[in-house]
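I'm jotting down what I looked up, topic by topic.

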Amino acid sequence: MNPVLAFALLEMAMENFKQFLFALSAAVTVGFVSIIFVLRWVFYFKEGLAWDGGLAEFNWHPVLIVTGFIFMQGIVSAIIVYRLPWTWKCSKLMMKFIHAGLNILAFIFAAISLVAVFDFHNSQNIPNMYSLHSWVGLAAVILYSLQLVLGVCIYLVPITPTYLRAAFMPLHIYSGLFIFTSVIATALMGITEKLIFGLKNPSYKDSPPEATFVNVLGVLIVIFGGIILWIATRPSWKRPSEQVLRSPPTNGGGSVGIKVSQQTDPIDPKGNGDTRRRSGKLEDSGQIN
């Protein structure tokens, strides 16, 4: 299809498509810049990356957290993937597998980052789990793993009752946003903790170049998180229902003109529109995500 025509069709299909495209572009840009900043931090100000029990092994922790647990969780996997209009042609089952697969990959990144931290602490005789950063961070990883297991069991196992999927959906979405926000907060605590303990001469309070550089990284992470949460909470950018996606997008004389985002079901927070409220009861018109 002609790229210009494809863009026009997407603009007609999604309400405020240009605003969505701007927000998505901003999130991707800020996310990539954050990854570049964390790599610059560990390679220029620190000792690079290695797996030797030293500081270079610890450096895997911020790199994998920013790359996997923040960027991948936010822009690529759970939070945004259902809202990309380019994916609306994919079946809902396919989107579920993509959603789950990317979340599993993000979890692997987080798990490796934790192994790097514990191995570094043990090698350097540093106590584990003594700071608020470590408490909140471990809690976020545990909650993320629980969210992942429950999501797979409830939404990918065919025998799960429809009413259970519908009942769990609000909690599933809230938990995803809560965990993502917790990871952002944990990253900021970790950055501050590392600068306070790591900078000696000059110290953190003297604002050396490394402190300024890494503080900017923290600001970028906050901006990225804010954009992702904005995209994730806009009702007009939800994935439309399967019924709407399958219907011919004609407007009288055959021109494309339907605003599918306005036909999403408010019961389905992801906008998949698989349930309908009729006569005070939920009737399943497809598989609830």
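Aromatics first: I find F32, F71, F180 and F224 in one aromatic cluster. My pairing rule takes rings of Phe, Tyr and Trp (its six-membered ring) with centres within 6.5 Å, calling planes under 30 degrees apart stacked, over 60 edge-to-face and the rest tilted. By this rule I get twelve aromatic pairs. One of them is Y174 with F178, which is stacked at 6.1 Å centre to centre, with 15 degrees between the planes. Those two sit about one helical turn from each other, because they are four residues apart in helix α8. The general rule is that an α-helix has 3.6 residues a turn, so residues three or four places apart point the same way.

A note on the source: this is a predicted model, where local features need pLDDT of at least 70, side-chain atom pairs count only at pLDDT 80 or more, and totals for chains, interfaces and linings use all residues. Residues are numbered from 1 along each chain as its sequence is written, and side-chain values use heavy atoms, with hydrogens and water left out.

Next I checked accessibility (buried is under 20% relative accessible area, exposed over 50%, partly exposed in between, with a 1.4 Å probe and protein chains only). Y174 comes out exposed at 53%, and F178 partly exposed at 40%.

Back to F224, for its neighbours. Contact here means heavy atoms within 4.5 Å. Not counting residues up to four places away in sequence, F224 touches A27, V30, G31, I70, F71, G74, I75 and F180.

Which residues touch the most other members of the largest nonpolar core? I70 and F224 do, out of 45 residues. A core here is a set of buried Ala, Val, Leu, Ile, Met, Phe, Trp, Tyr and Cys residues joined through side-chain atoms within 4.5 Å. Helices α2, α4 (60-76), α6, α7 (132-155), α8 and α9 each supply at least two residues of this core. For the record, helices are DSSP runs (H or I, at least four residues), numbered from the N terminus.

Salt bridges: I count two, taking a side-chain nitrogen of Lys or Arg within 4 Å of a carboxyl oxygen of Asp or Glu. K46 pairs with E210, the closest N and O atoms being 3.0 Å apart. That pair links distant parts of the chain, 164 residues apart: K46 lies in the loop between α2 (17-45) and α3 (55-58), E210 in helix α9 (residues 209-232).

K205 is exposed at 71%, while D206 is partly exposed at 45%.

I also looked for charges over rings (NZ of Lys or CZ of Arg within 6 Å of the ring centre and within 35 degrees of the ring normal). K194 has its charged end over the ring of F58, 4.1 Å from the centre. R234 does this over W230, at 3.7 Å.

Then E193, in helix α8 (residues 162-198). E193 is buried, at 19%. Beyond neighbours within four places in sequence, E193 is in contact with Y130, S131 and H133. S131 is 62 residues away along the chain, yet its C-alpha is 8.8 Å from that of E193.

Last entry: N125 follows α6 and has a positive phi, near 55 degrees.
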